[in-house]
Amino acid sequence: MKTLFLRSLLLISFTYSSFALACSAFLLKGKDYCVVGFNENWKTMPGMIVVNKRHVQKRNISWENLTTDHLNSKKQWISKYGSVTFNLLGYDFPCYGVNEKGLFLVELYLEATTKVFNPKQSNMFWAQWIQYQLDQYKTVKEVVDHLNDGPNIDWWPNAAGSHFFVTDAKGNSATIALLDGKYKVLTDKEMPMPLLCNNQYTKDFQTAQKFDFLGGDEKFDFAQQGKWEDRYNRAYYLLQNYRYDQKPVKYAWNILNSIHAGEWQTVIDVKNMSLTFRSDLKKEVKSIDLKKLDFSKNAHVKFLDIHTDHLGEVNNDFQVLTVNKNNEYVEKGFPIGYDNKEFGTSEIFIKLKENIRKFFQSVLPD
């Protein structure tokens, strides 16, 4: 009872703000190109890039599973596809990523988020829910078609939540919000531009329609429209004005840097399966050739620090991810993700670290 009371008291006292308070994601696409861009805007964060294997046995992990002795889970699956993910919270808990079939998925903070609950489905911590989609599906349609028969998204306690931007190798895209207890999906037909920030898509688009580049009466001056809340408008303007020059990756980087550069920045050339990234601590752009990575069952799960000193193509700089190394990132990442310094010294966090070691000791070596 004492432990339960302490846990409840801690949860009540924690204040939450998502680590993705202000982000931007878009798809730059045409006949000969398909490029995803993403800015992770918040503050300097530790993190790792993980090469996730196919054919790995998984099971759902909820917040309760992470923080109590209730480790039993109802849902199990085997990963169909390998993926590369960007993880603040350790293995199997990505912020975003792309799988070997070109499916990209990212979450962006959305204050209006509600919970969608299906009593027939198990709860899954939101970050693992992202990994689950990358493990299971290769197209936007597959993700959307399986939302209601998939696991319930389990947010941080007291969290507002997020919405999601998803794209695939054929240039399809969708936004997925959780509003009024239901999944609210917008696909290409409902989105004049594949672009998402931290408002509901329709609200940002309605605001942008007042400008002349969308037929409105107000002149859009790119040099003057530089406020934080102008990110959607600036990105829309740049996406609309791209003329194919055989350098879409360079243009995508220009968009990211023109709408407020993120602490983590990522551009993925989906047609060529090439990924480029950089962080605020190591500003040089590095590249990963996704085609060269080993996603096979017998391979090791590998990682690379997001703030790596290595330059150029970094495929050969990935290291084997061990249980102990993973827990180093868990210890650094969860208090930041939860945005509460007290969490790092709480009994709940001690239990969480112990549980994560148990969850993944069969996948990661000691």
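How many bridges join strand β8 (residues 104-109) to β11, and in which sense do the two run? There are 6 of them, and the strands run antiparallel. Before the views, some ground rules: this is a predicted model, where local features need pLDDT of at least 70 and side-chain atom pairs count only at pLDDT 80 or more, while totals for chains, interfaces and linings use all residues. Residues are numbered from 1 along each chain as its sequence is written, and side-chain values use heavy atoms, with hydrogens and water left out.

**View 1**
Strands here are DSSP runs of E with at least two residues, helices are runs of H or I with at least four, and both are numbered from the N terminus. Two strands count as paired if DSSP finds at least two bridges between them. Contact means heavy atoms within 4.5 Å; axes are lines fitted to C-alpha atoms, for helices over the stretch in contact, and angles run from 0 to 180 degrees between N-to-C directions.

Strand β12 (residues 173-179) is mostly covered, with 7 of its 7 residues buried. Buried means under 20% relative accessible area, exposed over 50%, and partly exposed in between, using a 1.4 Å probe and protein chains only. In a regular strand, side chains alternate between the two faces of the sheet. On one side of β12 sit S173, T175, A177 and L179, on the other A174, I176 and L178, and all are buried. β12 runs antiparallel to β11 (residues 162-167), joined by 4 bridges, and antiparallel to β13 (residues 182-187), joined by 6. The β11 and β12 hairpin has 5 residues between the strands, with G171 at a positive phi near 90 degrees. The β12 and β13 hairpin has 2 residues between the strands, and there D180 takes a positive phi near 55 degrees.

**View 1. The mixed sheet of 7 strands.**
Here the order is β14-β1-β2-β15-β16-β17-β19, an open sheet with mixed pairing. Its edge strands are β14 (195-196) and β19 (312-313), each pairing on one side only. β17 (residues 286-289) and β19 pair in the parallel sense over 2 bridges, and S287 stands opposite E313 in β19. Helix α7 (residues 248-258) packs on the sheet, touching β1, β2 (33-41), β15 (264-269) and β16 (274-279), and its direction makes about 155 degrees with that of β15. Helix α6 (residues 231-240) lies across β1 (22-30) and β14, running at about 15 degrees to β1.

**View 2. Where α5 meets α6.**
Helix α5 (residues 201-208) packs against α6 at an angle of about 70 degrees, with the axes 10 Å apart. The two are therefore roughly perpendicular to each other, a label that covers 65 to 115 degrees, whereas under 35 is roughly parallel, over 145 roughly antiparallel and the rest oblique. The contact is made by Y201, D204, F205 and A208 of α5 and Y232, N233 and Y236 of α6.

**View 3. Backbone spots to check.**
H260, in the loop between α7 and β15, has a positive phi of about 90 degrees although it is not a glycine. At 29% relative accessibility, H260 counts as partly exposed. M273, in the loop between β15 and β16, also isn't a glycine and has a positive phi of about 50 degrees. M273 is buried, with a relative accessible area of 13%.
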